[in-house]
Amino acid sequence: MDGGGTVDTQAQAAADGMPLTGEPLALELVNTTFVRGGVRGVLVDALRTPEDLDGWLAARTALFSEPLRAELSAPAVTGAHVARFRELRQALRDLAAARVEGARPADAAVALLNASARLAVSWPEFEPTPGGPARVVTRWSEPDSLLAALGEVAAAGVGLLAGRAAEQVRACPAPGCILYFVKSHGRREWCTVGCGNRVRVARHSRRAKADPV
């Protein structure tokens, strides 16, 4: 899977209620925690329940490998799956922060990411069909399709944070924002237009107070 793959749909944003979507898969997971309301806002976790994870996966089916998409059509998500995805989310957040800050990543985060990525191991197999041509089927080393999906998220994180796009990973500099994004064009400074507007309004307010008429 390409670590830089993105999807950008209004349906995805509506399903999650998340302020930022359309980022690479690994950052899509990281950004399931966000602050609503700016500096004085509240921390929101969009990945708390099996229903949350089910909706998150459904909205991002196109970001997973084609063979896995069918496996994720009706997943039986449990609390244990949610815990694994949240654990990976924290590791990816820690690694993204280290990348942005130019710091050495924590060994524990690296180990968890690499162990999770191994869940994505798959291979093609030859399968004869009665009365028809043989077909190619995909097998995974991990039989739980949801953990295989976790593996693909982790593998995408490896591709993003150790690949060519790593230099473009950014932490939004807006006060109170904790989102990450890939700087997709030279003029992009903020994760969303909303963050940019808040910063400009705050700057204008400070200038007005400093230079009263």
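Visitor: At what angle do the axes of α5 and α6 cross?
Guide: This is a predicted model. In it, the axes of α5 and helix α6 (residues 107-117) cross at roughly 125° and come within 9 Å.

Visitor: Which residues of α5 are buried?
Guide: Among them are Leu88, Ala91, Leu92 and Leu95, and these four also belong to the contact with α6. The buried set in α5 also includes His81, Val82, Phe85, Arg89 and Arg93. Towards the end of the list come Ala96, Ala97 and Ala98.

Visitor: What span should α5 have, going by its residues?
Guide: Helix α5 covers residues 79-101, which is 23 residues, so at 1.5 Å a residue it should span 33 Å. Its end C-alpha atoms are 33 Å apart, which agrees.

Visitor: What comes just after α5?
Guide: Gly102, which takes a positive phi of about 70°.

Visitor: Back to α6. How does it pack with α7?
Guide: Helix α7 (residues 145-161) packs with α6 at an angle of about 125°, and the axes are 7 Å apart. That makes α6 oblique to α7. The crossing of α6 and α7 is left-handed.

Visitor: Which residues meet there?
Guide: On the α6 side, Leu113, Asn114, Ser116 and Ala117. On the α7 side, Leu150, Gly151, Ala154, Ala155 and Val158. Leu113 and Ser116 of α6 are also listed in the contact with α5.

Visitor: Zooming out, how many helices and strands are in the chain?
Guide: The protein chain has 8 helices and 6 strands. Along the sequence the order is α-α-β-β-α-α-α-α-β-β-α-β-β-α.

Visitor: How much of the chain is buried?
Guide: Of its 213 residues, 41% count as buried.

Visitor: And the accessible surface, what does that come to?
Guide: About 11800 Å², with 54% belonging to carbon and sulfur atoms.

Visitor: Last one. What share of contacts join residues at least 24 apart?
Guide: Taking contacts in the protein chain between residues at least 6 apart in sequence, 56% join residues at least 24 apart.

Notes
Residues numbered from 1 in each chain as written. Predicted model: local features only at pLDDT ≥ 70, side-chain atom pairs only at ≥ 80, totals over all residues. Heavy atoms only, no water. Helix = DSSP H or I, 4+ residues; strand = E, 2+ residues; numbered from the N terminus. Buried < 20%, exposed > 50% of the residue type's maximum accessible area, 1.4 Å probe, protein only. Contact = heavy atoms within 4.5 Å. Areas by Shrake-Rupley, 256 points an atom, 1.4 Å probe, with all protein chains shown as cover. Expected span 1.5 Å × (residues − 1). Axes fitted to C-alpha atoms, helices over the stretch in contact; angles between N-to-C directions. Parallel < 35°, antiparallel > 145°, perpendicular 65-115°, else oblique. Left-handed = near helix turned anticlockwise from the far one by under 90°.
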